[in-house]
Amino acid sequence: MKRILAIFLTAFTLLPGAGASNVLKDGEHLEYTLRMKVAWSWINAGKASLDTRATVYEGKQAFRTTLTANGNRAADRVFVLRDTLETFLTADCTPLFFRKSCIEGNDIVDEKVYFSSEDGLHKARIVKTYTDGRVREGGGESTEPIFDMISLVQYVRSKDNSSLSPGSRITLNMAGSRRVNEQHLRYGGLEKVETGSGRILCRVFTLVKNTVDKKGRVSEETVLRFYTTPDERQLPLRIDIVLKFGEARVIFDK
């Protein structure tokens, strides 16, 4: 895979190793309300949480961050959602291992990503296990870091984002379900977000990927959007994830 080139529209400080601070705190626990967009309507669909714990991964000190989202009975009548996204990462937010265990409608997902780095080359080995026992492997490598969705959120939180300008954008490597893909992280400026604690001003980040239609036309498709407080902790107060049925949103409660 070719080397990822960072594309700057304006000064963008979100670069590996630039201005990192340790936001990973043992025992951090955030609670959210889960909402789903069905057709044109949003429904209250259950609860979600984001937990970070100090741990040991393969003999090394690390942190484990877990996003759990569980739909309620009312949501189950429309779409069953039981998602657990878990990443192990170093204190500087370098991912070590990622696992996605999900039930999304009729789709049952068990995916693992093993991250490694040697002599300046970053690798991701992706293993997907199907319900019938079949195993599919994929992955990729790059001279630039590779992320999963949860480690990306923590990585963004670890950076000094105070000088970002709306429209700032960078190309990153993301581990997908089959291979490592180039995706683009875009900063959208400040926006007030409705939470269980009232309206709070947040920084907005959107992860997008390029898609090509049958006529060869290229467009951008949103993968993930998250909102963080503009303070030292940069707490994620809302996370929007695009799913097969539509969109899921977790909104901060406490």
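**Burial, overall form and aromatic pairs in a predicted model**

Valine 56 is partly exposed, its relative accessible area being 47%. This value, like the others reported here, is computed from a predicted model. The residue belongs to strand E2, which covers residues 41-57.

Turning to the chain as a whole, the secondary structure consists of 15 strands and 2 helices. Along the principal axes, the C-alpha atoms fill a box of roughly 50 × 50 × 45 Å. Of the 254 residues, 45% are buried. Contacts were also sorted by sequence separation: among those between residues at least 6 apart, 47% join residues at least 24 apart.

The surface and the charges complete this overall description. The accessible surface of the chain comes to about 12800 Å², and carbon and sulfur atoms account for 49% of it. There are 39 positive and 32 negative side chains, with the centres of the two sets 5 Å apart.

Readers with an interest in ring geometry will find 8 aromatic pairs in the structure. One of them joins phenylalanine 88 to phenylalanine 97; this pair is tilted, with 6.1 Å from centre to centre and 55° between the planes. Both partners are shielded from solvent by the burial criterion: phenylalanine 88 has a relative accessible area of 11% and is therefore buried, the cut-off being under 20%, and phenylalanine 97, at 10%, is buried as well. A second pair is formed by phenylalanine 205 and phenylalanine 226, whose ring centres lie 5.4 Å apart with the planes at 20°, so this pair is stacked. Because phenylalanine 205 sits in strand E12 (residues 198-212) and phenylalanine 226 in strand E13 (residues 218-228), the pair ties together parts that are 21 residues apart in sequence. Phenylalanine 205 and phenylalanine 226 are both buried.

Ring pairs link Phe88 and Phe97 with Tyr57 and Tyr114 into a cluster.

Technical notes. Residues numbered from 1 in each chain as written. Predicted model: local features only at pLDDT ≥ 70, side-chain atom pairs only at ≥ 80, totals over all residues. Heavy atoms only, no water. Helix = DSSP H or I, 4+ residues; strand = E, 2+ residues; numbered from the N terminus. Buried < 20%, exposed > 50% of the residue type's maximum accessible area, 1.4 Å probe, protein only. Contact = heavy atoms within 4.5 Å. Areas by Shrake-Rupley, 256 points an atom, 1.4 Å probe, with all protein chains shown as cover. Lys, Arg positive; Asp, Glu negative; His and termini not counted. Charge placed at Lys NZ, Arg CZ, Asp CG, Glu CD. Phe/Tyr/Trp six-rings, centres within 6.5 Å; stacked < 30°, edge-to-face > 60°.
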